[in-house]
Amino acid sequence: MDHWLQEHLTYFFQRYGYWTVFVGVMVESIGVPLPGETILILASVLAATTGKLNILYVAVFAVVAAICGDNIGYFIGKSGGRLLLRRYGAFFHIEPQNIAHGEEVFRRRGPVAVFFGRFIAGLRVLIGPLAGVLRMPWKRFFMFNALGAVAWVTAVTAAAYLLGPAIEPLLRKAGWVLVGAVIVAAAVYYWRRRKHVQQPRERKAA
């Protein structure tokens, strides 16, 4: 953890307490690249070393913030994301059929993406707005998002409380392992789908 960042976050914890956790985690979950996980780790470490914060309250504030932030991000994506895609999608080579395919993937695999996306730094920022843009049913999103938030907060706070700041690089590595697993799974899915599409064409050609 960067010393400058730790020093400033410690000041905010001394001044605003648990609300630092709430705002940091919620803003990151909405879709703003703020270091929410770092804030959560430092709060857990301070709870373990100084006793000025209660680890249970840290976890509760973080869970509520994560759920609130992701749902705000979801509704932002659902209400305004499509307009942005229609206006700028062609610039990024995003065609209507790509969006339709994304909706189908999210319909089938969305719960897994939402749950495990909470553990991956880059995806954690995007998962709420992305689920909204791709029209994942809100009740399903809310349930798996809440489960992911509870699992992520429990894992991070417990690890940081017991192991200290050294846990941050380990969590980062674990996140990259999940990214690798997602890429492999996506590649396998794409290969199987392409093979499934090609087989009828080969039969027709024969």
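In this predicted model, helix H2 (residues 18–30) packs against helix H6 (residues 121–133) at an angle of about 60°, and their axes lie 6 Å apart. H2 is therefore oblique to H6.

**Packing of H2 with H6**
- On the H2 side, the residues that meet H6 are Glu-28, Ser-29 and Ile-30.
- Their counterparts in H6 are Arg-124, Val-125 and Pro-129.
- Sorted by class, the contact of H2 with H6 comprises three nonpolar, one polar and two charged residues.

- Asp-70 belongs to helix H4, which covers residues 55–88.
- With a relative accessible area of 0%, Asp-70 is buried, because the cut-off for that term is under 20%.
- The side chain of Asp-70 is joined to that of Arg-118 by a polar contact of 2.2 Å.
- Apart from neighbours within four places in sequence, Asp-70 is in contact with Ser-29, Arg-118, Arg-124, Ile-127, Gly-128, Phe-141 and Asn-145.
- Among these contacts of Asp-70 are Ser-29 and Arg-124, which also take part in the meeting of H2 and H6.

**Helix H7**
- Helix H7 runs over residues 138–163, and its 26 residues, at 1.5 Å a residue, should span 38 Å.
- The end C-alpha atoms of H7 are 36 Å apart, which agrees with that expectation.
- The buried residues of H7 are Phe-141, Asn-145, Ala-146, Gly-148, Ala-149, Trp-152, Val-153, Val-156, Thr-157, Ala-159 and Ala-160.
- Two of them, Phe-141 and Asn-145, are buried in H7 and are in contact with Asp-70.

Terms used:
Residues are numbered from 1 along each chain as its sequence is written. This is a predicted model: local features need pLDDT of at least 70, side-chain atom pairs count only at pLDDT 80 or more; totals for chains, interfaces and linings use all residues. Side-chain values use heavy atoms; hydrogens and water are left out. Helices (H or I, at least four residues) and strands (E, at least two) are DSSP runs, numbered from the N terminus. Buried means under 20% relative accessible area, exposed over 50%, partly exposed in between (1.4 Å probe, protein chains only). A polar contact is a pair of N or O atoms within 3.5 Å; within protein, one must be able to donate a hydrogen and the other to accept it, and residues adjacent in sequence count only if both atoms are side-chain atoms. Contact means heavy atoms within 4.5 Å. Axes are lines fitted to C-alpha atoms, for helices over the stretch in contact, and angles run from 0 to 180 degrees between N-to-C directions. Angles under 35 degrees count as roughly parallel, over 145 as roughly antiparallel, 65 to 115 as roughly perpendicular and the rest as oblique. Ala, Val, Leu, Ile, Met, Phe, Trp, Tyr, Cys and Pro count as nonpolar, Asp, Glu, Lys and Arg as charged, and the others, Gly among them, as polar. The expected span of a helix is 1.5 Å times one less than its number of residues.
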